[in-house]
Amino acid sequence: LPGSSVTVSPTATTTYTVTGTNSNGCTNTATINIVVVAPPATPTITVAGNVLTSSVSGISYQWYLNGSPITGATGQSHTAIQSGSYTVEVFNAGCGSGQSAPVMVTSPAPVAAFTTSSSTICAGATANFTDNSTGGPTSWTWTFPGGSPGSATTQNVSNVMWSAAGTYTVSLTVSNANGSSTYTQTITVNTAPATPTIFQIGNVLVSSVSGASYQWYLNGNPIPGATAQSYTPTQSGNYSVVVFDSAGCASAQSAPLMVIGIDSPGNSVSFISVFPNPANGSFQLTFTAANDNYMLEIHDMLGQIVYSEALPGFSGTYNKTFDLAAYGHGVYIIRLRSNENETNVRVISY
């Protein structure tokens, strides 16, 4: 009859046929093949440490803790990070095995571990630290003795800096509901070269600190190829230098040394420098000049001469230390005159 139904429960793949006959005796037949898929066998759970594995393979899996499904736990194995009762169900093409017998797990504490971007750095440089702990830690406590920051509670920590050379022991303690553990690693911080000063030998600038390599700067910009301990200026300006040791550690940049007169056409003074400038009253004046008659004067802000020296027939390098502390703070003008030219240098005394 229309709307008639029959309920069947095949245990194997079966083909069913139905034939319909109307009042006129006409018939029609339809068939359907019901494919019966056997569900996976009910699994058991093997335990290795805190790693649980289903004994039955399938297309997918669902792990449970204390009867509740564990989000994302859909592989044949599962790492238990909490103590409790674990079960697993295995699925094939649409059929589930039913949950396994429960297994009680007392999960161990997490195991702390980390890596660093560099275990040997220069004082003033930074290093990054990455957590590699296992066992599902839920909290992290870092200590960086002598470093900045000195401690942290994030999983990973970037830009940790040590300003003083030495050997430091970094530690990471991780924990979860099952306990905690600690891992340590030694960080070696190398001493950077001392900050150099610049002195002159004739018209050559020399770093006071020796190193494996150097970088000279003019007006704050690196000079290409100027990587030796000495450098001969080719133009006027403020010169400074940075020294590097064999480990690549860099010194602080030296105080600038002002050099003038080099690029003044026709000037018989080929090199002149004042160091330091600004100065705490005392500074060193150095210049190199061709044979000529010179007059050296130092003027205060009012134009008054506070020092003068005649240099008749002078040739070579002049080097002398002056102390203007007795004349007070301010701006002074050093004036060096020859028969044909005049060079002026401003020095600030504070």
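This is a predicted model: local features need pLDDT of at least 70, side-chain atom pairs count only at pLDDT 80 or more; totals for chains, interfaces and linings use all residues.
Residues are numbered from 1 along each chain as its sequence is written, and side-chain values use heavy atoms, with hydrogens and water left out.

Select Arg337 and Glu297. Their closest N and O atoms are 2.9 Å apart in a salt bridge. The pair links distant parts of the chain, with Arg337 in strand β29 (residues 330-337) and Glu297 in strand β27, 40 residues apart. Strands here are DSSP runs of E with at least two residues, and helices are runs of H or I with at least four, numbered from the N terminus. Glu297 is buried at a relative accessible area of 10%, whereas Arg337 is partly exposed at 30%. Buried means under 20% relative accessible area, exposed over 50% and partly exposed in between, with a 1.4 Å probe and protein chains only.

Next, select Glu309 and Lys320, whose side chains form a salt bridge at 3.8 Å, N to O. Lys320 is partly exposed, at 31% relative accessibility.

Now turn to the rings. The whole structure holds 17 aromatic pairs. Rings of Phe, Tyr and Trp (its six-membered ring) pair if their centres lie within 6.5 Å; planes under 30 degrees apart count as stacked, over 60 as edge-to-face and the rest as tilted. Phe283 and Phe322 are a stacked pair, 5.7 Å centre to centre with 25 degrees between the planes. Phe283 belongs to strand β27 (residues 282-299) and Phe322 to strand β28 (residues 305-323), 39 residues apart. Both Phe283 and Phe322 are buried.

For an aromatic cluster, select Phe114, Phe129, Trp142, Phe144, Trp162, Tyr168 and Tyr183.

Show the open sheet of four strands, ordered β10-β12-β16-β14 with antiparallel pairing. Strands pair if DSSP finds at least two bridges between them. β10 (114-116) and β14 (147-148) are the edges, each with a single partner strand, so one side of each lacks a neighbour in the sheet. Two antiparallel bridges join β14 to strand β16 (residues 157-162), and Gly147 stands opposite Trp162 in β16.

Finally, zoom out. The protein has zero helices and 30 strands. Its C-alpha atoms fill a box of roughly 140 × 55 × 35 Å along the principal axes. Buried residues make up 37% of the 350 residues.

Note on methods:
A salt bridge is a side-chain nitrogen of Lys or Arg within 4 Å of a carboxyl oxygen of Asp or Glu.
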